[in-house]
Amino acid sequence: MGVHNRFRVFLGLGLAMAAGVVRAEEAQPDYGPPPAWVKPPPPDTRQAPPAGALLQVLMRDSQAKLGPEGDAQYLETRFKLLTPEALDAGNLNLVWDPQVETLAIHRLTVTHDGKVTDVLAAQKFTVVRREQGLEAAMLDGRLTATLQIPGLQVGDVIDLAITTGSHDPLLAGHSQFVDLLPTTAIAGRLRERATWPAASSIAWRASDDLPKSAVRRAGGAVEALFEADGLPAPTRADGAPARFRVRRLVQASGFADWREISALMAPLYASAATPKPDSPLKAEAAKIRAASADPAKQALAALQLVQDQVRYVYVGLDSGAYRPAAADETWSRRFGDCKAKTALLLALLSELGIKAEPVLANASGLDGLDYALPQLGVFNHVLVRAEVGGRTLWLDGTRSGDSNLVELEVFPYGVGLPVHAGGGGDLEKHLPPVPFQPVEETVVQIDARAGLHAPAQVTARFVLRGDEAFSIDREVASAPHDEAEQVLKKAAVENLSWFEPKSVTWSYDARRRLFLEEVRGEGKVDWSKDASGGHTLWYQIHGSGLGPIKPIKRDADQDQTAPFAVAYPSYSRWVTTIRLPQGIQTGRRGDNVATTLGGMRYVRRLSSQGDTVTMYHSLRSMTPEITAAEAAADEAKRADFKPGAAFVWAVDAPPKPAVTPTAPPPPAPQDAKALLAAGYAVGAERRYDEALALADRALAAQPGWADAQRLRALVLVELKRWPEAADAYAAAVSVSEKPNAADLRGRVQALTHARKFDEAEKAADIYVLAFPRTVDAYEARAGIFEARQDYDRALAATDDARQAGVDEAAILRVRSNILWAAHRREDALAAAEAEIKLDPDSATALSWRGLMEARLKRFDAARDDLRDAERMNPENETTIIRLAELEEFQGRYAQAVAIFDAALARWPKSAVLLNGRCWSRALWGEKLDLAARDCDDALAVNSTLPSALDSRAFVSFRQKNYADAVTRYNAALAERPESAASLYGRGLAKLRAGDKAGGEADLAAALKLDPDAAESYLAAGLKP
């Protein structure tokens, strides 16, 4: 859609004439005196020019005549050239649209040393049609009257007076007028005057930073007038939303309200969107319908047809600034502007039976129109709103590459005006939701195990989403491969100067509109020496710096009441992992951060796992703007918010000579602390009986010691001695000076495992009372009811948490797990999705949703979530296992094994990864000897790992050693008695071994615990 940039005078300050200009003989401006309704201009100002100004406007006189026959504006400007740079103001360009506008030139004079020269007596304006509009895909019929004033000198005064008239039949006699005055300090005389018939309903408004208008009636007409001799600069409001930066605006409108504009446009689009009976669009709609019965997919296909097969060309000819071309015409010529593409899209959607309507918008985005009178000229764009299966989709035919339905649920322009027939539609404000997917991600994995001074192996992944992703993909696709490769490599090292790329790959996922670049290379880590001169080296973790946060305040002379705009919506994420050399002292330094300042959410987390440090950092906007009061409060916090960057450190010193380890001397009988430390040490080696004995000895040395009771409880949990563990936790609670959440939680869980549910509920009440704002307390209570399969009461526990004000994202995580256990699959997914929208920095939530989607056979969605979660935390074994399980659910066992191969190359001693590969190979039924070895290796690391015991039993089953399988399943069930998977596996083994009754009993028990227990076995072709 186009807007008439009417009454715009270009003084040529730095505005060069474009090449490719042709003379236009068909329309010329008129020359003559001003119209009779124009009053004589006011006198020039006597004010001194502003310091440093290029020119001074001595007088600016704007007079408008508005009415149903058309609108006209007389504009006279007299200005003095103060510097050589101002001489370019003599290059005059007057633009108008002869189809709906007229241009009359009344005066052009130059005053030099008191002598007035009539420029028009010697030369007239030359009218040209500029052809650069074609390069910008525009056909608007606009003409430019151009003239270069000869002989100008510094000190000359130019006086230009013109009248432009407008009469667009499409507006049906409605006036609309806008005049924007300069927003700098004005040292000149100003007058703004407008008249209209008293019978016309025309509203007049001047912004508050202009003199108050005097409005009076006389002789059947209304006159609005204000004058000023100079104006100070308007009060600034740096950082305010765009609507607060609209200054010195004069406007008039003959529209009663926005609904009247909507109703005016409705029949135009209704007519343009109606195809002929024999229209080829009907066949196109039929193809779309045949390809999919899903209305959402049909709407997307119609959008892609309009985007891909109709090129954009703005058509402003013959009232075309507002009138859409007919859908059939647009399809025939295969080009059109936003109006034409909207009408075409509406026609297709109508043929598909999809409810849709046009919505007027402004392509630059609007954050409000409280300052504006109803005017069609506010809008310069139009798109389609479609209602599909309870979803609202915003379809813009002028865009390219739209393929993600989730993105189409967001209205990108802030304020829109739906075009309704009848009573018309009113303005609507649509705020994009708080972003829950980053627009850009950077993941850097550094393997520095070779040594502090040896080259580190580096893998860097860069992800873009949405329009940025589509744009970079188009650029890369259009460039030669070698050139694209070099550009991407160069971009990769902008913030990793010590890194030398060796290879780069890239891909574009059109379904997700996601561009992924992966660069591999090496380089010496940019270690810095310790300032003290010691042996410690420091590395500032890439992406960890939160940077200096800009002040959230304004200078004292500015508007202190205006809100502050936020860069919304925006979301970026950085993840860095670094694997450090073994055998030397290493560590990390840096604060974890989770705070919101100035409408932006800052998150940073540091974690360590073995020899690897992981840094996660995100920056996300939470709201489009904050109030002045919120800004003041955040500014006070900002002054104290100094988290700094995050670092890893390593001691660069020769390794100490190897010393043969010797067993530590046994602790003295009365040294309780030494006994406790020894107990934890042997417990870490899974020597639980010894650990328990040492805990008892520590208690004997220091009776009533909570720490010793706590060790007893931990050991008894590992031994599955649940009642004793509950008693030990109770003893720890009873002697602690203040409540310990771990003790309270441990007691509830131990009693639940012991199936002492009444006691567990009482213990849970104590836990909740002590920690009423902690989700773990309510989760422990919910776990009691889950164990009893009373899912309604389990969910009620989360309702209690909500009433207590517990973090909603944490509540949703618990609810999702309960709902999944209750086999309310869609509700579980909905809860996880809601959690992710509240806390998109949770890799755990994404990974969990991915697993649920995989089990529901929504494989694309599962892969998306799991890959996103893996990038958020590349060191997380659970997500890696779920990625492998995704392949297993699709019967792609070789691919699952390959995932485990890659992970085990990084963590060769991981019991859970070894078990995962064992299970994948057993499902595959290939290389069962290697599967058995994997399980045996996992059990060598953790001999009581229930999943490894179960997988090893399954390997024996696949090897048709059914008796051994039953024995091994017995061992797995001893560790985890209510494992539906182990019960089902044992049931199959018993059936194969000839124990029909025992096998059927196990299968029934397994399916009672989990109706999906047979899924993996059935997928592998294993039936009872």
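# Structural briefing: sheets, helices, cores and a disulfide

Five strands form an open sheet in the order β24-β23-β22-β25-β26, with antiparallel pairing. The edge strands of this sheet are β24 (391-395) and β26 (428-429), each of which pairs on one side only. The model described here is predicted. Its protein chain contains 31 helices and 40 strands, and 51% of its 1024 residues are buried.

**Overall dimensions and contacts**

- Taken along the principal axes, the C-alpha atoms of the protein chain fill a box of roughly 115 × 75 × 60 Å.
- Considering contacts in the protein chain between residues at least 6 apart in sequence, 69% join residues at least 24 apart.

**The open sheet**

- Strand β12 (residues 157-166) is mostly covered, with 10 of its 10 residues buried.
- In a regular strand, side chains alternate between the two faces of the sheet.
- Both faces of β12 are covered: Val157, Asp159, Ala161, Thr163 and Gly165 are buried on one side, and Ile158, Leu160, Ile162, Thr164 and Ser166 are buried on the other.
- Strand β5 (residues 71-81) runs antiparallel to β12 and is joined to it by 10 bridges; Gln73 has Thr164 of β12 as its bridge partner.
- Strand β7 (residues 101-112) also pairs with β12 in the antiparallel sense, over 10 bridges, and Thr109 stands opposite Asp159 in β12.

**Strand β11**

- Strand β11 (residues 143-148) is largely enclosed by the rest of the structure, because 5 of its 6 residues are buried.
- Strand β6 (residues 91-96) and β11 run antiparallel and are joined by 6 bridges; Asn91 stands opposite Gln148 in β11.

**Helix α16**

- Helix α16 (residues 757-770) has 14 residues, which at 1.5 Å a residue should span 20 Å; the end C-alpha atoms are 20 Å apart, in agreement with that expectation.
- The buried residues of α16 are Phe757, Ala760, Glu761, Ala763, Ala764, Tyr767 and Val768.

**Ala797 in helix α18**

- Ala797 lies in helix α18.
- Its relative accessibility is 1%, so Ala797 counts as buried, the cut-off for that class being under 20% relative accessible area.
- Leaving aside neighbours within four places in sequence, Ala797 is in contact with Tyr778, Arg781 and Ala782.
- Ala797 and Gly598 are 199 residues apart in sequence, and their C-alpha atoms are 35 Å apart in space.

**Cysteines and the disulfide**

- A search of the whole structure finds 1 disulfide.
- This disulfide is formed by Cys918 and Cys935, whose sulfur atoms are 2.0 Å apart.
- Cys918 lies in helix α25 (residues 911-924) and Cys935 in helix α26 (residues 928-941), so the pair ties together parts that are 17 residues apart in sequence.
- The torsion about the S-S bond of Cys918 and Cys935 is about -90 degrees, so the disulfide is left-handed.
- Cys918 and Cys935 are both buried.
- Cys338 is also buried, with a relative accessible area of 2%.

**Nonpolar cores**

- In soluble globular proteins, nonpolar side chains tend to be buried together.
- The largest nonpolar core has 66 residues, of which Trp705, Val748, Ile818 and Met852 touch the most other members.
- Not counting residues up to four places away in sequence, Met852 touches Ser816, Trp820, Ala828, Leu829 and Ala832.
- A second, separate core of 54 residues includes Leu264, Leu348, Ala386 and Leu393.

How values were computed. Residues numbered from 1 in each chain as written. Predicted model: local features only at pLDDT ≥ 70, side-chain atom pairs only at ≥ 80, totals over all residues. Heavy atoms only, no water. Helix = DSSP H or I, 4+ residues; strand = E, 2+ residues; numbered from the N terminus. Expected span 1.5 Å × (residues − 1). Buried < 20%, exposed > 50% of the residue type's maximum accessible area, 1.4 Å probe, protein only. Disulfide = S-S within 2.5 Å. Core = buried A, V, L, I, M, F, W, Y, C linked by side-chain atoms within 4.5 Å. Contact = heavy atoms within 4.5 Å. Pairing = 2+ DSSP bridges.
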